[in-house]
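Trainee: I am new to this one. Please take me through one spot closely, then show me what surrounds it in the rest of the model.

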Amino acid sequence: MPTFTKITRRASIGLLAGAAAFAFSAPAMAEMDLSGETVEWVIPFSESGGSAKWANFYAPLLSEALPGNPNVVVKFMPGAGSTKGANWFQKSAKADGLTIFGSSGSTQFPYLLGDPRVRYEYKDWNVVLASGTGGVAYLPPDLGAKFKEDPSSILDVNFIYGSQGATRLDLVPLLAWEMLGLNVEPVFGIKGRGDGRLMFERGEANIDYQTSSSYLKGVTPLVDDGKAVPMMTWGALDADGNIVRDPTFPDIPTFKEVYTQMKGEAPSGPEWDAWKAFFIAGFPAQKMVFLPNGATEEMITTYSNAFNKVLERPDFAEISAARLGKYPQMTGDEAVAALDQAISVDDSAKSFVVGWLKDRYGVTLK
Amino acid sequence: MDILATALPALSEAFALILHPQQVMFLVLGVLLGLSVGVFPGLGGIAGLSLVLPFIYGMDPVSGLALMVGLVAVIPTSDTFASVLMGIPGSSASQATVLDGFPMARKGEAARALAAAFASSLFGGLLGAFILTFFILIARPLVLAFGLPEMLMITILGLSMVAVLAGSLPLKGLASAGLGLMIGTIGAADAGGSPRMSDYDWDYLYDGLKLVIVGLGIFAIPEIVSLLRQDRSISRDASLGAGWFDGIRDWWRNRFLSIRCAVIGVLVGVIPGLGGSVVDWIAYGHTVQTSKEKEKFGSGDVRGVIGPESSNNAKEGGGLVPTLIFGIPGSGSMAVFIGGMALLGYEAGPQLITNDLEITYTIVWSLALANVVGAGLCIALSGGIARLTTIRFTLLAPFLFMLIAFAAFQSRQDLGDLIALFSIGLLGIFLRRFNWSRPAFLIGFVLSTQAENYSYQAFQVANFRFQRSLEEGLGYIFTPIVLVLIVITVVSVYFGIRQAKQIRPEGEVTTGTKLAPLLFLLAVTGYLLVSFFDAMMIDQTTDMIFPATISFLTLLACAGLLIRMVRAPADDVAFADREAGGEDATAPHGLWGTLAWFATLLGLTILLGFILALGLFLLVFFRVRAGMSWAKSAMFTGAGLSFMIAMGWVLNRDFPPGLLQSVVELPWPIR
């Protein structure tokens, strides 16, 4: 009876988690009671994207962790590259403690780049969870071998990269490769990073990158088969805001290391500042959960505690590893700090990127 | 033999899992849920899957899979009801079924058409699962052989079906398809994000129009309005002639056609990125081209139902290949399906085939079993549901307006959805009236994005290959697959044009005065001119080239039509006009008066929000237009409203709010 044992195991873990949470979380502040209520978690993307997976992962856990175990339903509000849903959250969401919003790097980038469709202000919102991720670039085996031997030997290769668009998260890899001096021509307009990987597998693209969880799932098998070789990661942030090796991929060098090796000096200047700023905005705090403008202290505490409770589940590492990767899931002050870093890109970095997008790809945001 | 050695043990394990009573129960539950969502036009698998997703977490994996598979599998079967009975494509999987299925319903053969469709669905689904069992083990290299040039050629093959469906005047069919392609380019370009025929400030158009809206607008609204004007039942003499048993006999007589179309379904379904949007058109084209007498296609030939329906369920199985072995969903519902699998602890990807082959087979054969259960249920229901075609249509129409408005609103949950639905509906009415091929328009619209992206991307990659060497470039473009597809396309266009004269995809149309058809042509030409100049204003070449080229070519087709219209006499086919004679002209109610009812519903919605507007609309419609007593009208209205509210509540959807709601706070559902 394999099914039976599985169910009882899960149930006992749940009980344990509940008991642990009860024992350790001292009721520091008043919490709302949400029994019988329905919490709407608005995701500004469609049912099929990465944010949907992330929210669907957290929703049942959040429901268990919130006082009174309310229903948590994920509501999708796609449109205008997520700015539609974010604008709605800014303008119309009620601060009733029953409406929360999940943003993503694709919501952050238009905000930072001054997209005219943005009518939302991150500073008005109250962050209760921040989820990070990383990214890995990889090469076909022949080019990978050359690169390992001497990174500069691939400078004369014509690279093709399947890209979703230069103003998206793809901005980070494109700018990194350009800083290394690689000739990468993006083929724009693919539908998702999965399609980019398929182009790579078909040999139409000869360079690609994936966010961590997709890399683990889709590219690691290729690496094991000798069909792909990792090139570099974007790295991770340490507590002091330095870029260090990605803990999920400790054996793969970071972009910063590769740059230092190729150029003989550590990266610096406006290009690097801009890259770093957009990397921080796009990866270490890629997905966040917010309460709307005007939420009370009680609501914020309730949700922060609930997410904390989720993260403290004894089985959290196990159930999240496959679906989110091993990345920081931050609540409370940590989340606030992560948000702060993600949205404080200084003007020179912004104007550098805006200018670069225009000169290099002819993309203007007006 | 290697394949058999791997497949058989896993297969027997899978069957042991599936045939467990508990799993069968969940599968049937999924089928029932899928059926109840799927029969409503425009609400496809995504709505159904989202409905069960919250309950999936924590379920035993095989039961969870059975529930989800049952739900997904039955959608392309159940959406046939709307296609055949009302002429509304229930989902992208049954667009082509409308062409012959609906005329059959009007001839009183709804039960026969439905039964033939379901028998084909059942067979297609089973054959698809059978092929897939072995194919999935060797599919990976084949799928990888489909690069950008190959996908572009498949898209072009899909577009070439326009030649078959263009009707008696190929130039007009071409112009319809061109217009469809152009409507498909509205909004942000995928490559560079430049707005086309829209602006950053117009959120709604910037995202482009969705297939649900265009499908409902082009097919559903013109048909509903036209039927409503007759004030009769859908079946012209309110009777059901041929029964469901005839339909099954029809399928048996055409079983080889059914096999061929099922194979087409699996093969096209396997290719990621194309999804289901072309399969049924290619199957319909194939059906027409390989049949001996073609005169009856478009006016109720049962083979026109059997072909596409055999392919669309087989396609669902084929679509599992990219979904399962690459982790890349072939459609929106497959994307949600992957999400559901993750909740159960299974990650789609190559490792699923290597490590969990029995789970893969469980999915494949649950799909087949769900097809049997679903199609069986549908056949059993078809006799009863077909009676809808004998009811006075005036009593059905307001409910249909209600359903399509609700379905359209699910596309973006924006008031713009309703305005877009109405505008496209108006276009659909004119396309129908002046006999511009609506299937050709829809094919153009559906394939527009793919045609643009694949041609641009293939061109760009080829360019790099040519820079390396001439051989490498040529080798990239002219692969054996591409060459075969080119031959198929050329042959299909050649025969298509030769045969098109015999086929009337939408029946005979009379001719009348010159003025009205000419004005419509001028309006289309005007729109194309505007979009041409709009495209030329775009800075980024990548975003400009496709709409500029297509609008230019379509303008040439329009110019050709214009020349013909100037020269030809008023009884030329170019001047087809349904208002000049036939059913429409003699209908007891006028076009505009009938359309005004729908406009009223939308107008009231903008003011009062959907639910309040709907109540008012239903009550007045039943009293005034249908001439029922106040008591009866109130009863019907109450039934419609409670149904709508229940549906919104179960699916956890809001209704369109109006101006009133922005002033006063109201409770759900009138919020």
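How many C-beta neighbours inside 10 Å does Asn69(A) have, and as what does Asn69(A) count?

Mentor: Asn69(A) has 14 C-beta neighbours inside 10 Å, so Asn69(A) counts as partly exposed. Buried means 20 or more other C-beta atoms within 10 Å, exposed means 12 or fewer, and partly exposed lies in between, with C-beta atoms placed from the backbone. The model is predicted: local features need pLDDT of at least 70, side-chain atom pairs count only at pLDDT 80 or more, and totals for chains, interfaces and linings use all residues. Residues are numbered from 1 along each chain as its sequence is written, while chains are lettered from A and ligands numbered from 1 in the order in which they are written.

Stay with Asn69(A) for a moment. Its phi is positive, about 45°, although Asn69(A) is not a glycine. Most residues other than glycine have a negative phi. Asn69(A) sits in the loop between helix H2 (50-65) and strand S2 (71-76) of chain A. Helices (H or I, at least four residues) and strands (E, at least two) are DSSP runs, numbered from the N terminus.

Now step out to chain A. Its domain assignment, automatic or from a database, gives domain 1 (12-132 + 285-347) and domain 2 (135-281). Taken over C-alpha atoms, the centres of the two domains of chain A are 29 Å apart. In domain 1 of chain A, 15 residues are in contact with 12 residues of domain 2 of chain A. Contact means that C-beta atoms, placed from the backbone, lie within 7 Å. On the domain 1 side, helix H4 (105-113), helix H12 (316-324) and helix H13 (332-343) of chain A each supply at least two residues. H4(A) gives the most to that side, with six residues. By class, the domain 1 side divides into eight nonpolar, five polar and two charged residues. Ala, Val, Leu, Ile, Met, Phe, Trp, Tyr, Cys and Pro count as nonpolar, Asp, Glu, Lys and Arg as charged, and the others, Gly among them, as polar.

Next, cross to chain B. 47 residues of chain B are in contact with 38 residues of chain A. Helix H3 (45-56), helix H11 (203-206), helix H17 (332-343), helix H18 (350-355) and H22 of chain B each give two or more residues to the chain B side. H22(B) gives the most, with seven residues. The chain B side has 21 nonpolar, 19 polar and seven charged residues.

H22(B) has another partner. Its axis and that of helix H8 (residues 148-160) of chain B come within 9 Å and cross at roughly 150°. That makes H8(B) roughly antiparallel to H22(B). Angles under 35 degrees count as roughly parallel, over 145 as roughly antiparallel, 65 to 115 as roughly perpendicular and the rest as oblique. Axes are lines fitted to C-alpha atoms, for helices over the stretch in contact, with angles from 0 to 180 degrees between N-to-C directions. Among the residues that meet are Leu148(B), Leu152(B) and Leu159(B) in H8(B), and Ile443(B), Tyr454(B) and Val461(B) in H22(B). This contact holds 11 nonpolar, five polar and no charged residues.

H6(B) is mostly covered, with 10 of its 10 residues buried. Asp100(B), Phe102(B) and Arg106(B) are among them. Gly108(B) follows H6(B), and the phi of Gly108(B) is positive, near 85°.

Helix H25 (residues 515-536) and helix H26 (residues 541-567) of chain B pack at about 155°, with axes 9 Å apart. H25(B) is therefore roughly antiparallel to H26(B). Their contact has 17 nonpolar, four polar and no charged residues. Helix H2 (residues 21-38) and helix H19 (residues 357-385) of chain B pack at about 55°, with axes 10 Å apart. H2(B) and H19(B) are therefore oblique to each other.

Asp231(B) has a positive phi of about 55° although Asp231(B) is not a glycine. Asp231(B) lies in the loop between H12 and helix H13 (244-253) of chain B. With 17 other C-beta atoms within 10 Å, Asp231(B) is partly exposed.

Note on methods. Contact = placed C-beta atoms within 7 Å.
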